[in-house]
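Please open the model in a viewer and keep the selection tool at hand. The stops below are arranged so that each selection leads on to the next.

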Amino acid sequence: MTTPPEAPRDATAPLLETRRLCRNFGALAAARDIDFRMYAGARHALIGPNGAGKTTFVNLLSGRIRPSAGRVLLKGTDITRVAQAERVKLGIARTFQINQLFRGLTVLENVYLAVAERLGAAPSMLRPAGRRRDVVEESMHLLDTLKLADDAGHRVSELPYGRQRLVELAVTLGLTPQVLLLDEPAAGVPSAESHIILAAIAALPRHIAVLIIDHDMDLVFRFAERITVMVGGTVFASGSPREIGADPDVRAVYLGQAHRG
Amino acid sequence: MTPAPPSGVLNRPAALVLAGRHRIRLWETVPWTLAIALYVAFPKYLAFGTELLITILFALSLDLVLGYAGIVTLGHAAFFGAGAYTVGILAKQGLWSEPITGLLLAAAMAAAVGLGSGLVLLRTRGLTLLMLTLCTMALLEEAANLAHVYTGGFDGLDSVPITPLFGRFEFNPLYPTTQYLYVLAVLFACFAFVRTLVYSPFGQSLTGIRENLLRMRAVGAPVRTRLVLCYTLSAAIAGIAGGIWAQANAYVNLGTLGLDRAATVLIILALGGHGRLYGAFIGAAAYMSLSHFLSKVYPTGWQLGLGLLLVVIALFANNGILGVVETLAHTLRRRRTGTPASPPGLR
């Protein structure tokens, strides 16, 4: 792969961008030539039928997997070869479609681990964890914001799934991301509880650019200011919710199937 | 996104629990009191006691990697043996026979082995890792067997000369009062270190790696670096255990590097309860007392009794003896207060 010289940066440059991003799993092209742009403060949704490659794309953005070809740029800087841990430090954080939490630990400890990594407290060996007041304070504060403070002392495994989903969000927010990748944040949550998750997402500070993957069209159209539709591993359409909602092709491949009821 | 947080969040119950978790509880003085009581009351059992304390130290080093970081290993005796042979060879060759600095050298050598093997092994997990740790140990054992000019091969090294502690206290193999107190002091120092470590943010992050590797990577933790560091520190402590074993017994043999030792320490930790610091103490005491007692009562079939006990533990108490105690204490507390108390999960 040859990399063309860097384009000059300017104020309207996208925050996160991919250029002809590809990823193959054997003969399967899970991502094909994805050109994608996301701007500071964006509320961007990624939709598409099952198997469209949405989670693969999030994995490529977060650095969990390497692309077969193509580039990922953050603020115009090439981060294609940057490892996941480093991307977190650069401000890209994600949640998982299925909760990935420290189930045996308390809610506070879960958030503590994320905040401790970001503040550089984690390598410290000779000081008790609870005495890092800065880490504890910030973790508790974050739990307050997400109305999780009452559960702070409970083990994650004891909480109902909807609350666990909020902890997943809290752990990720503990990394103070600039780009937040939400992989089906309300997946598996009973509909009676999903409004709590939606409220938490709606209340996210505006300086965080949010990319949300979801099947719930109500959520997507309420939340997103821009929608990208993926089909078969590549970008099928991109535009405002109004444009996407009116696009007959999108309706044919996707919305028609999703709006079953 | 965080303006100066309001003071007071640190006084919330969960924050207080976290802040007070590392505090020393009264019952934590019990093992040390018992150890001193043994010295005073049962001078005939000091050889047994010395062996027990060394086993606790070795099991403690395993707890750090297995119980906290979740690294499954069947080759931890590699580091015990590396420490033992370091002390043995240096003393036998007339190069170094002072005990305390000898232990530091043993720790350094074992740490070097841990670092070198850890950098390679810890790229893998699960069964692969288990097999590779076993192979590393087998390679070391075979190397020790082949290098018989230095190691004495199969016969090992006996009558290893160790200079008196502080130039005054002789190591007498028949009446091991010096050894006992020396080992107790070393165990205490190592325990204090491990205890500090597991309650630190570093220890917390090891627990995080054990609980969910994927999430730990996603919060930006350099997972492999942490694991290698933990493995190296644990190897150093295992090396100290091996080194002190060689000093206390004045000999070294291939058994220090063998699968028997590695498997026994694993059993001890499973018996006592892993990831709990004191599981090493309880497990070693239970295992060694039981094998001591059973081998007297049934000299031929005593291992059957141990095997049955292990089956029971594996079936009904997979958190070991301490796990059972914690569950009982939790149930009692709940019954007494009548409210569902918070679980004993903070370890």
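Begin by selecting B:I240, which, apart from neighbours within four places in sequence, is in contact with B:L57, B:G83, B:L103, B:A106, B:A107, B:V186 and B:C190. Here two residues are in contact if their C-beta atoms, placed from the backbone, lie within 7 Å.

The model is a predicted one: local features need pLDDT of at least 70, side-chain atom pairs count only at pLDDT 80 or more, and totals for chains, interfaces and linings use all residues. Residues are numbered from 1 along each chain as its sequence is written, while chains are lettered from A and ligands numbered from 1 in the order in which they are written.

A residue is buried if 20 or more other C-beta atoms lie within 10 Å of its own, exposed if 12 or fewer, and partly exposed in between, with C-beta atoms placed from the backbone.

**Chain B as a whole**

Now display chain B alone. Its secondary structure comes to 15 helices and zero strands; helices (H or I, at least four residues) and strands (E, at least two) are DSSP runs, numbered from the N terminus. Along the principal axes, the C-alpha atoms of chain B fill a box of roughly 65 × 45 × 40 Å. Of the 347 residues of chain B, 46% count as buried.

Next select helix α9 (residues 201-211) of chain B. Is this helix enclosed or open? Eleven of its eleven residues are buried, so α9 of chain B is largely enclosed by the rest of the structure. The cover over the buried residues of α9(B) includes α3 of chain A, together with α3 (46-68), α8 (177-199), α10 (213-218) and α11 (223-249) of chain B.

Then move to B:S159, in the loop between α7 (148-151) and α8 of chain B. B:S159 has a positive phi of about 50° although it is not a glycine. With 9 other C-beta atoms within 10 Å, B:S159 is exposed.

**Where the chains meet**

Show both chains again. In chain A, 46 residues are in contact with 38 residues of chain B. On the side of chain A that touches chain B, the elements that give two or more residues are α2 (84-90), α3 and α4 (133-145) of chain A. By class, that side has 24 nonpolar, nine polar and 13 charged residues. Ala, Val, Leu, Ile, Met, Phe, Trp, Tyr, Cys and Pro count as nonpolar, Asp, Glu, Lys and Arg as charged, and the others, Gly among them, as polar.

**The sheets of chain A**

Select the six strands of chain A that form an open sheet in the order β6-β7-β8-β3-β9-β10, with mixed pairing. Strands β6 and β10 (234-239) of chain A stand at the edges, each with a single partner strand, so one side of each is left without a neighbour in the sheet. Two strands pair if DSSP finds at least two bridges between them. Three bridges join β6(A) to the parallel strand β7 (residues 179-183) of chain A, and A:R94 stands opposite A:L181 in β7(A). Helix α1 (residues 54-62) of chain A packs on this sheet, its direction making about 150° with that of β7(A). Axes are lines fitted to C-alpha atoms, for helices over the stretch in contact, and angles run from 0 to 180 degrees between N-to-C directions.

Turn next to the four strands of chain A that form an open, antiparallel sheet in the order β2-β1-β4-β5. Five bridges join strand β1 (residues 16-25) of chain A to β4(A), and A:E17 stands opposite A:L73 in β4(A). Helix α1(A) lies across β1, β2 and β4 of chain A, running at about 60° to β2(A).

Finish at A:K75, in the loop between β4 (69-74) and β5 (77-78) of chain A. A:K75 has a positive phi of about 50° although it is not a glycine, and A:K75 is partly exposed, with 15 other C-beta atoms within 10 Å.
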